[in-house]
Amino acid sequence: MKLYDYILSPSCYKVRLMASLTGVTLDLRPVDFHPGAEHRSAAMLALNPAGCIPILEDGDLLLTESAAMLAYLAAKAAPAWLAGEKPEEAARVQQWLAFSSRLTASLGGARLHEMLLRPGDIAVLQRQGIAALRELEAGLVEQGVRGMRFLASERPTIADIACFPYVALAPDGGVALDPYPAIRLWSRALRSLDGFIEMPGIHRLHELKPEPPIPTVEV
Amino acid sequence: MLSDTTGSWTPVALSQDLPAGTVIPAYIVSGSIALWRSDSGRIAASADRCPHRGMRLSHGFVRGEAISCIYHGWSYAQSGHCLRIPAHPGLKPPETIRVATYVVEEADGVIWVAAGAPGSMPPGLDGFVPFRSLTVHAARAAIEDAAGATAGPEGLVDITSGAGNIRLLLSAQDGDRTLVHVLLVGEADAATRISASRTVESLRRTAEDRQEKAAAQ
């Protein structure tokens, strides 16, 4: 399974993270997104006319939407990451998968503006980002009332992975995460999962591992 | 509100939002703080700034009974003393390396921090139970206006809605922002809690609208 990948892309990270959590090995093909704009090259446009990454190739299956990639990895290797049989759960997975595109547009847009100087109205992007974070926070509070720690269920699903990266990287776009206690606990729960991997800007929880031994030197 | 003078209590967070072995950012009138709970459950509050390179300690991590800075791993005890500098394993950190700390009290599910030495304990919640906290981009007056009620001396505002009795505990933040702790009467059921959460979300929108309109005038 080949992933056209860029290390700093939160959407590519979604797929790498999902693969790691489900035990799938990806064949990573780095794309020079910046500064080379390779994702808009003729060869890449032949794969994805929309001119964006990630792109996932498996046999003749060619996917250009990260939510579809998460669904594919889960269906193939770990169906427990998909919605179960409850209609509410299925609906919530779809709800938050669709919602994740708003995170990409707002928080992702603010991040591209701040990091790669992409044109845009930063104040508007940040305001939309805050609105999206508040919606996620309220959703997680309500799930907490229902006794569930994750967006669609008491266990994590592809919906959580779809939302997590742009949320965790919100500070890159100048949007603070301090005001969201439920998001903080949810992020912590996701980063505690077996198979969790990092990307630049999203570090693992150091406290989950014992303190590394430091040889004592007599002075 | 109790946060205006040194030596009084500020309700900085809810107990449920600070599990053992975690650190979170919080705010009191003297500035940003790192609020953390050790693995054994003890709470501490320090300035949110590592004395080494100024990194926020609330970005750090808690292991055992110490907090460590994410940048170079300097770790600190609850007393604020530096315990360990990983780059100098043989060095016992001098007494002078320490972070400023604050008095913390936890009562009825609310964590209170004092910038000085208050003469009394934090106020009780009178049978109300903490539910959730949210930040409102509006000052106290706009929130009172939206709630149709006035805050008492302890920063408490009662609102009545279809969701039953909701009590808000207000705490002023920097830049005309207010941290609002939502308290509910006794053991509210799930439907009541979800309805209360949505009621307070609406109240936030109203308060922020009024704040914006007042600022535009």
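Reader: If contact means heavy atoms within 4.5 Å, which strands does helix α3 of chain A lie across?

Author: Helix α3 of chain A, residues 66-77, lies across β1, β3 and β4 of chain A, and runs at about 35° to β3(A). Helices (H or I, at least four residues) and strands (E, at least two) are DSSP runs, numbered from the N terminus, while angles run from 0 to 180 degrees between N-to-C directions of lines fitted to C-alpha atoms, for helices over the stretch in contact. The model is predicted, with local features needing pLDDT of at least 70 and side-chain atom pairs pLDDT 80 or more, whereas totals for chains, interfaces and linings use all residues. Residues are numbered from 1 along each chain as written, chains are lettered from A and ligands numbered from 1 in written order, and side-chain values use heavy atoms, without hydrogens and water.

Reader: OK, and what order do the strands of that open sheet have?

Author: The four strands of chain A follow the order β2-β1-β3-β4, with mixed pairing, where two strands pair if DSSP finds at least two bridges between them.

Reader: Why is one side of β2 and of β4 left without a neighbour?

Author: Both β2 (27-30) and β4 (61-63) of chain A stand at the edges with a single partner strand each, so one side of each has no neighbour in the sheet. From one strand to the next, the twist averages 20°.

Reader: How do β1 and β3 pair, then?

Author: In chain A, β1 (residues 2-5) and β3 (residues 55-58) pair in the antiparallel sense over three bridges, and A:Leu3 has A:Leu56 in β3(A) as its bridge partner.

Reader: Switching to helix α1, which strands does it touch?

Author: Helix α1 of chain A, residues 10-22, packs on the sheet and touches β1 and β2 of chain A, its direction making about 150° with that of β1(A).

Definitions and conventions. Contact means heavy atoms within 4.5 Å.
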